[in-house]
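Please open the structure in a viewer and keep the selection panel at hand. The stops below are meant to be followed in order.

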2 protein chains.
Amino acid sequence: MENLLKTLQFRSGLIPAVVVDAQTGELLTLCYMDEEALRETLRTGQVHVFRRSQGRVMPKGGTSGHVQLVREIRLDCEGSSLALHVEQKVAACHKGYRTCYFRRYDPQSDSFEITCEMGFDPDEVYGGANG
Amino acid sequence: MENLLKTLQFRSGLIPAVVVDAQTGELLTLCYMDEEALRETLRTGQVHVFRRSQGRVMPKGGTSGHVQLVREIRLDCEGSSLALHVEQKVAACHKGYRTCYFRRYDPQSDSFEITCEMGFDPDEVYGGANG
């Protein structure tokens, strides 16, 4: 993967990766990878992320089992971001929705509306601990 | 839009926005907005970005005319990124492709393959100057 690493532009050691459903193309989430997360993703075939809030590399879905199996890796024109086409188990969002973008913003009323159905109960999966 | 601004988490003054085709859901590009770019996007209905390489707010497609008309604004579970559903004029990528993610990475050969067709000739649109 040396050619890939040479082509990518990491900023402060990280590169954003847009994750989409390999079958439907639906946008699921946006995550960040450092070089180690990218290596682990390629080695295992499962998305690994650098979780900025915890400062470490983790497999996506490590707690919930809602893993993402990589079907295709794409990169943008500048090499400044990745697009991962994945097979998503159950749901991408820790709040229970298939996609993290489950809220629509209404500029008129300056308010939000949830437009997606829950895929699972977060309390059951995470035991009411952190999301 | 004060409620939106309160909900969003800007990092170093910026928030990433994933741009997808409103009709097909296809991932087009990833851009960055500061508060001013977001205000201009809402005011005009056209995507405005903070171009990090130039350090200023610009309308997307300002040179090429390949503007993005906003049809829907979504935000993720943490308020740390946006998803913009847009009507894309001609093509999103300054290299002539509909999407910026026109390259697929092949881990086996550690090489890239272009999988999309050109939507326009960049030399004609940008006059061979910058992309």
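The tour goes from the contact between the chains to the sheets, and then to some local details.

This is a predicted model, in which local features need pLDDT of at least 70 and side-chain atom pairs count only at pLDDT 80 or more, while totals for chains, interfaces and linings use all residues. Residues are numbered from 1 along each chain as its sequence is written, chains are lettered from A and ligands numbered from 1 in the order in which they are written, and side-chain values use heavy atoms, with hydrogens and water left out.

**Stop 1: the interface**

Select chain A and chain B in separate colours. The contact (heavy atoms within 4.5 Å) involves 41 residues of chain B and 41 residues of chain A. About 3,500 Å² is buried between the two chains, with carbon and sulfur atoms giving 56%; buried area is the accessible area (1.4 Å probe) that two parts lose on being put together, summed over both. Now select Cys77(B), Tyr101(B) and Arg103(B): in chain B these residues lose the most area to chain A, together 19% of what that side buries.

Next, show the side chains of Arg104(B) and Glu72(A), which meet in a salt bridge at 3.3 Å, N to O. The term means a side-chain nitrogen of Lys or Arg within 4 Å of a carboxyl oxygen of Asp or Glu. Between chain B and chain A the count is two salt bridges.

Polar contacts also cross this interface, in 26 residue pairs with both residues at pLDDT 80 or more. Such a contact is a pair of N or O atoms within 3.5 Å; within protein, one must be able to donate a hydrogen and the other to accept it, and residues adjacent in sequence count only if both atoms are side-chain atoms. On the side of chain B that touches chain A, the elements giving two or more residues include α1 (2-7), β5 (68-75) and β7 (103-106) of chain B. Helices (H or I, at least four residues) and strands (E, at least two) are DSSP runs, numbered from the N terminus.

**Stop 2**

Two strands pair if DSSP finds at least two bridges between them.

Arg103(A) has Leu75(B) as its bridge partner in β5(B).

**Stop 2: another open sheet**

Select the strands β2(A)-β1(A)-β6(A)-β5(A)-β7(B)-β8(B), given here in their order in an open sheet of six strands with mixed pairing. Its edge strands are β2 (27-33) of chain A and β8 of chain B, each pairing on one side only. Three bridges join β5 (residues 68-75) of chain A to β7(B), and the strands run antiparallel. Leu75(A) stands opposite Arg103(B). Across β2, β5 and β6 (82-88) of chain A, together with β7 of chain B, lies α2(A), at about 125° to β2(A).

**Stop 3: details in chain A**

Move to the hairpin of β3(A) and β4(A), which has four residues between the strands; Gly55(A) in the turn has a positive phi of about 65°. His48(A) has Pro59(A) as its bridge partner in β4(A).

Finally, select Ser64(A), in the loop between β4 and β5 of chain A. A polar atom of the Ser64(A) side chain lies 3.1 Å from the backbone nitrogen of His66(A). Leaving aside neighbours within four places in sequence, Ser64(A) is in contact with Val125(A) and Tyr126(A).

How values were computed:
Axes are lines fitted to C-alpha atoms, for helices over the stretch in contact, and angles run from 0 to 180 degrees between N-to-C directions.
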